[in-house]
Each structure stands twice: as structure tokens, then as C-alpha cells.
Amino acid sequence: MPAVVAADNFMAMALFPKSTVFDRKYVICFEPGALVWGKELYDYYEQRSKQIKNIDNYTYA
């Protein structure tokens, strides 16, 4: 699963590479601008997310 972490002192991101094998390599940055961008990115996806209450009835849409 891809990951975005926006903490108080760093921002980290892990995405799927082109080979479709998730290798757990992260991009990490400590710059203030990256922290702001990471928080904005996290907030963007959090606002658009939906809670899955029953995984058996979940369909990808």
C-alpha cells in the first residue's frame, strides 16, 4: 500500500514503482516546504476518503 507520512519534523512518501513490486523505498524530506506540501497532500486524501465498514461488501469504484 502506498504511504504518505506528514509528521512535525519530516515528510515521507512511498509509492509503487513501475515494476508493480512494492520495494518499500521512501522519499524523505526535512525541508519546511516539503512538510507543508506533505500535510496538504495528506489532508487532500483524508478529506476524500471513505470509511470501509465491511470489507466483504467493498467494491472498487
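How many bridges pair strand 1 and strand 2, and in which sense do these strands pair? Four bridges join strand 1 and strand 2, and the sense of the pairing is antiparallel. The model described here is predicted.

Three strands make up an open sheet in the order 1-2-3, and the pairing is antiparallel. Strand 1 and strand 3 are the edge strands, since each of them pairs on one side only. From one strand to the next, the twist averages 5°.

## The loop between strand 2 and strand 3

Strand 2 covers residues 11-14 and strand 3 covers residues 27-29, and Tyr26 is found in the loop between them. Tyr26 has a relative accessibility of 39%, so this residue counts as partly exposed.

Arg24 also has its place in the loop between strand 2 and strand 3. With a relative accessible area of 49%, Arg24 is partly exposed; the cut-off for exposed is over 50%. Arg24 and Ala3 are 21 residues apart in sequence, while their C-alpha atoms are 9.5 Å apart in space.

Which residues make the nonpolar surface patch? Tyr26, Ile28 and Phe30 make the patch, with an area of about 340 Å².

## Aromatic pairs

The model has two aromatic pairs. In one of them, Phe10 and Phe30 are tilted, with 6.3 Å from centre to centre and 50° between the planes. This pair links distant parts of the chain, as Phe10 and Phe30 are 20 residues apart. Phe10 lies in the loop between strand 1 (3-6) and strand 2, whereas Phe30 lies in the loop between strand 3 and helix 1.

Tyr44 and Tyr45 form an aromatic pair that is edge-to-face. Their ring centres are 5.0 Å apart, and the angle between the planes is 90°. Tyr44 has a relative accessible area of 39% and is partly exposed, but Tyr45 is exposed, with 52%.

Side chains of opposite charge can pair when their charged atoms come close. How many salt bridges are counted in this model? The count is one. Lys39 forms a salt bridge with Asp43, and the closest N and O atoms are 2.9 Å apart. The cut-off for a salt bridge is within 4 Å.

Why are Lys39 and Asp43 separated by about one helical turn? Both residues are in helix 1, which covers residues 32-48, and they are four residues apart, so about one helical turn separates them. Lys39 is partly exposed, with 45% relative accessibility. Asp43 is also partly exposed, with a relative accessible area of 23%; the cut-off for buried is under 20%.

Definitions and conventions:
Residues are numbered from 1 along each chain as its sequence is written. This is a predicted model: local features need pLDDT of at least 70, side-chain atom pairs count only at pLDDT 80 or more; totals for chains, interfaces and linings use all residues. Side-chain values use heavy atoms; hydrogens and water are left out. A salt bridge is a side-chain nitrogen of Lys or Arg within 4 Å of a carboxyl oxygen of Asp or Glu. Helices (H or I, at least four residues) and strands (E, at least two) are DSSP runs, numbered from the N terminus. Buried means under 20% relative accessible area, exposed over 50%, partly exposed in between (1.4 Å probe, protein chains only). Patches are made of residues with over 30% relative accessible area and no salt bridge: like charges are joined within 9 Å, nonpolar side chains (Val, Leu, Ile, Met, Phe, Trp, Tyr) within 5 Å. Accessible areas come from the Shrake-Rupley method with a 1.4 Å probe; for residues, only the protein chains shown count as cover. Rings of Phe, Tyr and Trp (its six-membered ring) pair if their centres lie within 6.5 Å; planes under 30 degrees apart count as stacked, over 60 as edge-to-face and the rest as tilted. Two strands pair if DSSP finds at least two bridges between them. Axes are lines fitted to C-alpha atoms, for helices over the stretch in contact, and angles run from 0 to 180 degrees between N-to-C directions.
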